[in-house]
Protein chains: 2
Amino acid sequence: MIDKLITKIQKTQAPIVVGLDPTLKLIPKQLLDAAFKEKGENPEGVAEAIWNYNKGIVDAICDIVPAVKPQIAMYETFGIAGLMAFDKTVKYCKEKDLVVIGDIKRGDIGSTSEAYAQGHLGKVVLGGKEYRGFDEDFATVNPYLGSDGVKPFMKVCGEEKKGIFVLVKTSNPSSGEFQDRMIDGKELFCHVAEKVAEWGSELMGKNGYSYVGAVVGATYPEQGKIARQIMPKNFILVPGYGAQGGKGADLAHFFNKDGLGAIVNSSRGIIGAWQQEKYAKYGAEAYADAARAAVLDMKEDINSALG
Amino acid sequence: MIDKLITKIQKTQAPIVVGLDPTLKLIPKQLLDAAFKEKGENPEGVAEAIWNYNKGIVDAICDIVPAVKPQIAMYETFGIAGLMAFDKTVKYCKEKDLVVIGDIKRGDIGSTSEAYAQGHLGKVVLGGKEYRGFDEDFATVNPYLGSDGVKPFMKVCGEEKKGIFVLVKTSNPSSGEFQDRMIDGKELFCHVAEKVAEWGSELMGKNGYSYVGAVVGATYPEQGKIARQIMPKNFILVPGYGAQGGKGADLAHFFNKDGLGAIVNSSRGIIGAWQQEKYAKYGAEAYADAARAAVLDMKEDINSALG
């Protein structure tokens, strides 16, 4: 799947992943009204609105980006109904040939990580037939439990030719609280990055990059530079661009000299573009066109920064 | 909820939480056969078997333990159908007045942690009406992202009078890989424990313990002793007893002198007791009675160690 991701990045010339992180505030009123009328003003209604909202955006951007990243928390908050919208969204994005990165940040002890890995990347076999749970192409994984929380995901990735992005240095303001603490002369996130490089060497794709990638926030460009050096063969998923404050100019060091090695996420900046002054002309009805315009602007911003 | 947990521990004299972590291997054949006959040999069939299996165990133990801890990964592995069994299990356990600790190990950047917190401990309000997602009483939380990944959970805990257990030192073999690394003369898990104590001081229950607890594995008794000292007012959820190797004698240091301060989890050791030689006389049909017997033995083991 890392090979497919790279091929699609090269084809679209857009190292961009659109975060499908729907919230009630981002969904245009006409979609909420229609869904509530059909299903009621309840979690089922919200799930219907989320699904229609996502579908509109996916239809508008699927030819110009390689990947999407639905953040499962935004669905889980509406319980089972929300997770059904997550499931439907993942399936639809895959139909549209988008690479789907499930932003699930799971991680547990061995047998439990294995259950998560099966549910999100793999399968269960019942009566000789295969069943897949959420079936994303990649998943994000939390490393706090160490190797035996990560390796079950790698095992499934090897079987399914899928991938993971391990949290190394997250984009949030307090990420340094533990991740930047010094251990033997290096920050904790550097030690995690070293492990990612080590884990990743066991699962290499055809294009010179590993099935095992890392998450490093755009909000920390200096740390991005260091992470890039420690993990030359691991793709970096870069959240924090746009609404969280990361800029195109900050991104250059996340990439390798081959122009590859990173994929930059924007969520609210794209899916909520219609609410921004810059894209106000589109209005709520054309929220998906606003998202497309925002992707094209982001592409230009990143490509000009990469020179 | 921490006050309710303490009251129930005192009433049952059992600082025990039963992990409801169903796997296909643990479910007796008669339950699988019946469920497959009704729903088909597919995830819906498994979910039905899981639900019946859990219900049997809950009915058999609800008067002798204060709490249960369903591990969501074991349900998530079967996709939506599995999560519906999780939801049903949580609701049933609450009907039986058990405290439900959702072992979800979530944690993300601020707004995303807020979404998880709402979905698992809180509510959403739609059209003036409240809707609850999974509605556990406690949730486990991963601290790798620092304070702003944890505080949204605390905010919801304050509103709902619920609680969290933050991963400090996990029970798995590789937990030391990052958690035991030395930072300023102390292991990382000690720094996390200090933060738990700090966070916890903002949300105190009536019985002298905080809404914010910690997870420290029974497999690391020495670290349990240290964690206990750093966090005198934070309850410790102790996994790793039984199947993972932790013994009653290892547990004394996890408790405070008031005999409180810790609750010990056993999953396979209880719900899979019927497969152990010790409880073989019960057979598959009486798997729930075997679970009850295993709880009573565990209670004796812990209480004699605390003696």
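Start with B:Lys161. B:Lys161 sits in the loop between α7 (147-160) and β7 (163-169) of chain B. Helices here are DSSP runs of H or I with at least four residues, strands are runs of E with at least two, and both are numbered from the N terminus.

A word on the source. This is a predicted model, where local features need pLDDT of at least 70 and side-chain atom pairs count only at pLDDT 80 or more, while totals for chains, interfaces and linings use all residues. Residues are numbered from 1 along each chain as its sequence is written, and chains are lettered from A and ligands numbered from 1 in the order in which they are written.

Back to B:Lys161. Its phi is near 55°, a positive value in a residue other than glycine. The cut-offs: buried means 20 or more other C-beta atoms within 10 Å of the residue's own, exposed means 12 or fewer, and partly exposed is in between, with C-beta atoms placed from the backbone.

Next, B:Asp184. This one is in the loop between β8 (182-183) and β9 (186-187) of chain B. B:Asp184 is not a glycine, yet its phi is positive, about 50°. B:Asp184 is exposed, because 9 other C-beta atoms lie within 10 Å.

Now chain A, and A:Ile80. A:Ile80 belongs to helix α5 (residues 79-95) of chain A. With 19 other C-beta atoms within 10 Å, A:Ile80 is partly exposed. Which residues does A:Ile80 contact, leaving aside its neighbours within four places in sequence? They are B:Ile80, B:Leu83, B:Met84 and B:Asp87. Contact means C-beta atoms, placed from the backbone, within 7 Å. A:Pro43 is 37 residues from A:Ile80 in sequence, and their C-alpha atoms are 8.7 Å apart.

Last, the domains. Chain A divides into domain 1 (1-106 + 267-301) and domain 2 (137-264). Those bounds come from an automatic or database domain assignment. The C-alpha centres of the two domains of chain A lie 23 Å apart. Their contact takes 21 residues from domain 1 of chain A and 27 residues from domain 2 of chain A. On the domain 1 side, the elements giving two or more residues are α1 (2-12), β1 (16-20), β3 (99-106) and α11 (268-271) of chain A. The largest share of that side, eight residues, comes from β3(A).

Terms used:
Contact = placed C-beta atoms within 7 Å.
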